[in-house]
Amino acid sequence: MNPLLKVRDLRTTFTTGESVAHAVDGVSFDLYPGETLGFVGESGCGKTVMALSILRLIEAPGEIVAGSVIEYDGANLLGLPPRELRRIRGGEIAMIFQEPTTSLNPVLTVGSQIAETLRAHNEVSRNEARHRAVGLLDLVGIPDPDKRVDQYPHQLSGGMQQRVMIAMALSCEPKILIADEPTTALDVTIQAQILELLATLQHQLGMAMIFITHDLGVVAGIADRIAVMYGGHIVEEAATTSLFRRAAHPYTEALLKAAPRIDARTDRLSVIPGAVPPATDWPVGCRFHTRCPHAWEHCSGAVPDLLPLPPEHRARCWLVVEPHRRRT
Amino acid sequence: MLGLVVVFVLCVAAALAPWLVPYDPAAQLDLASGQYLDPSVAHPFGTDFYSRDLFSRVLYGARISLTVAFLSVLLSVTIGTAVGLIAGLAGGAVDMVLMRLVDAALAVPRLLLLIVVLALWEGIGLWGLILILGLTSWIDASRIVRGEILSLKTRDFVTAARATGIGARRLAWSHLLPNLAAPIIVTATLGIGQIILTEAALSYLGIGVKPPMPSWGSMIAEGQQALSNAPWVATFPGLAIVVTVVAFSLLGDGLRDALDPRSR
């Protein structure tokens, strides 16, 4: 099967004065039709910047470095003229954001915002667009869509606002949905509803999905494959079950250990010491070695590639080739 | 609130002036005995040198002052919004050039420029005056709009809207402009007060609204010669200017408080 989206060596930098932040630093992955690829990592790992880069939504002083490739449908999105790019945005690849409350325009009714997207991609009359907006609100499970369509964002709850965002994203039946922490701002029960809705709609419409989160529990439930990001790199990539069963990168291990579990009582959750270093100043060598319990001299010298761990499991860690170095 | 009430009353009075005035503002009642009559029941504001009824003239003056102010502000806010929108949205070199031009325009004393233009361009008429006033007063609006655009551009919903694939023009028109309504309305309201003052100053100098059209500025100029024996001739148009300008300022401030919770 051919990948739907092929990302190769994606690099996005932000230049402020003298310093350059390498927010995304050489990310490569494939997304296949219909699958869900989860991206996990702490804040500051480059997840959101990567997502924005795919749709070229990076604004100055941010810049996608020449040589990066984002190939969709045989064309490199980074070389597309603006008209073509707009056709892709929302039409072929849609995106939903972390904060539904701030992602909706406060002075426009939700119906007119959905209609706006519809009219950007289809030749439809104002009436027809409104009619379809009502249908979409119904699709995403908003009760009373006839009434809600004329309401303003502040009249809806956070969960409903996120449903509106989903309706807007799905209005033109995209092939790929990028969901950037779509449930982070919502409380747990609403979160479960939104995840279920996304999964259902994905099946109905046969979309591929890029699902970004920092919550391992969430990604375990929804993703087919998971890419773990750290320091602007993908540090581990595997099928979901494989990743949870035999995490190979110490960072993934640490993330798993730090997640609370319902089936094991602990008094204290384990934490990863330190914080993600600033993107202007990544450590030389493996970017995790400053926080890694297993690190040895080699780790501060050279960055490993994503080393294969058959079948279809890859980790950017020297432990893959020198497993005896692991400290217990 | 007070501002709103006064502005409302003024606008209604100006609009209905032809039906409200007791006399034709240009009619000379009785040149010999009707000159400089004291304010009385028959002539609430008295009469002037040409024995015209001052109340009628002040009311007609409101009509002209408000018309000039509204239309000039409409023009200036339109230009200012367009310039601010383009500078804010385009950014980079376009923004640089436009804003340096604005800075340069700001360095020219406005009243002096107006005096030169109006003095050189005689017979400019009311429409010409509106045009000139509008063309010289859009700077503030453009800077305010540009600032708002710069801050709106970083908001999540603008990124979200761009992610849906709408074009830059639609983005500006249907997402950004509605968010600018509040600051634009406030700027326009405050601008009206400013323009009324400027127009009065120019008319006082005899180069704004020309006689025999009644204008508050030129009425003060006419009343000046009789300040000692008929002070009301200059006082009533002066009061009208003060009340109107204060009312628009109050209304503008009130609107700002009501529309923009941050400024409180």
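**Architecture of a predicted two-chain model**

Of the 264 residues of chain B, 41% are buried (20 or more other C-beta atoms within 10 Å of the residue's own; exposed means 12 or fewer, partly exposed lies in between, and C-beta atoms are placed from the backbone). This is a predicted model, in which local features need pLDDT of at least 70 and side-chain atom pairs count only at pLDDT 80 or more, while totals for chains, interfaces and linings use all residues. Residues are numbered from 1 along each chain as its sequence is written, with chains lettered from A and ligands numbered from 1 in the order in which they are written.

Chain B holds 11 helices and 0 strands (DSSP runs numbered from the N terminus: helices are H or I, at least four residues, and strands are E, at least two). Its order from the N terminus is α-α-α-α-α-α-α-α-α-α-α. The C-alpha atoms of chain B occupy a box of roughly 75 × 40 × 30 Å along the principal axes. Contacts are pairs of residues whose C-beta atoms, placed from the backbone, lie within 7 Å. In chain B, 69% of the contacts between residues at least 6 apart in sequence join residues at least 24 apart.

Chain A contains 11 helices and 13 strands. Its radius of gyration is 21 Å, close to the 20 Å that the globule rule gives for 328 residues, so chain A is as compact as a globular protein of that length. The radius is taken over C-alpha atoms, and the rule is 2.2 Å times the number of residues to the power 0.38. The C-alpha trace of chain A spans about 65 × 50 × 45 Å along its principal axes. Of its 328 residues, 44% are buried. Residues 24 or more positions apart supply 63% of the chain A contacts with a separation of 6 or more.

Helix α1 of chain A (residues 47-54) has 7 of its 8 residues buried, so this helix is largely enclosed by the rest of the structure. The buried residues of α1(A) are Lys47(A), Val49(A), Met50(A), Ala51(A), Leu52(A), Ser53(A) and Ile54(A). Just after α1(A), Arg56(A) adopts a positive phi of about 55°.

Nonpolar cores were defined as sets of buried Ala, Val, Leu, Ile, Met, Phe, Trp, Tyr and Cys residues joined through C-beta atoms within 7 Å. The largest has 98 residues, and Ala167(A), Ile176(A) and Ile210(A) touch the most other members. Helix α7 of chain A (residues 158-170) gives the most to this core, 8 residues. Beyond its neighbours within four places in sequence, Ala167(A) contacts Ile114(A), Leu136(A), Leu137(A), Leu139(A) and Val140(A). Another core, of 54 residues, lies apart from the largest one; among its members are Phe45(B), Val83(B), Ile207(B) and Trp232(B).

At the interface, 21 residues of chain A are in contact with 17 residues of chain B. On the chain A side, the elements giving two or more residues are α2 (82-88), α3 (100-103) and α4 (110-121). The largest share, 4 residues, comes from α4(A). By class, this side has 9 nonpolar, 7 polar and 5 charged residues. Nonpolar covers Ala, Val, Leu, Ile, Met, Phe, Trp, Tyr, Cys and Pro; charged covers Asp, Glu, Lys and Arg; the others, Gly among them, are polar.

Two packed helices are described by the angle between their axes and the distance between the axes. In chain B, the axes of helix α4 (residues 92-107) and helix α7 (residues 139-153) come within 10 Å and cross at roughly 145°. Axes are lines fitted to C-alpha atoms, for helices over the stretch in contact, with angles from 0 to 180 degrees between N-to-C directions. The crossing of α4(B) and α7(B) is left-handed (the near helix is turned anticlockwise from the far one by less than a right angle; clockwise is right-handed). Val102(B), Ala105(B) and Leu106(B) of α4(B) meet Ile139(B), Ser142(B) and Arg143(B) of α7(B). These residues divide into 4 nonpolar, 1 polar and 1 charged.

Two leucines of chain B were examined individually. Leu85(B) sits in helix α3 (residues 54-90). Leu85(B) counts as buried because it has 20 C-beta neighbours inside 10 Å. Outside four places in sequence, Leu85(B) contacts Val145(B), Ile149(B) and Ala172(B). Leu171(B) belongs to helix α9 (residues 168-204). Leu171(B) counts as partly exposed because it has 19 such neighbours inside 10 Å. The C-alpha atoms of Leu171(B) and Gly223(B), 52 residues apart along the chain, are separated by 54 Å.

Note on methods
Contact = placed C-beta atoms within 7 Å.
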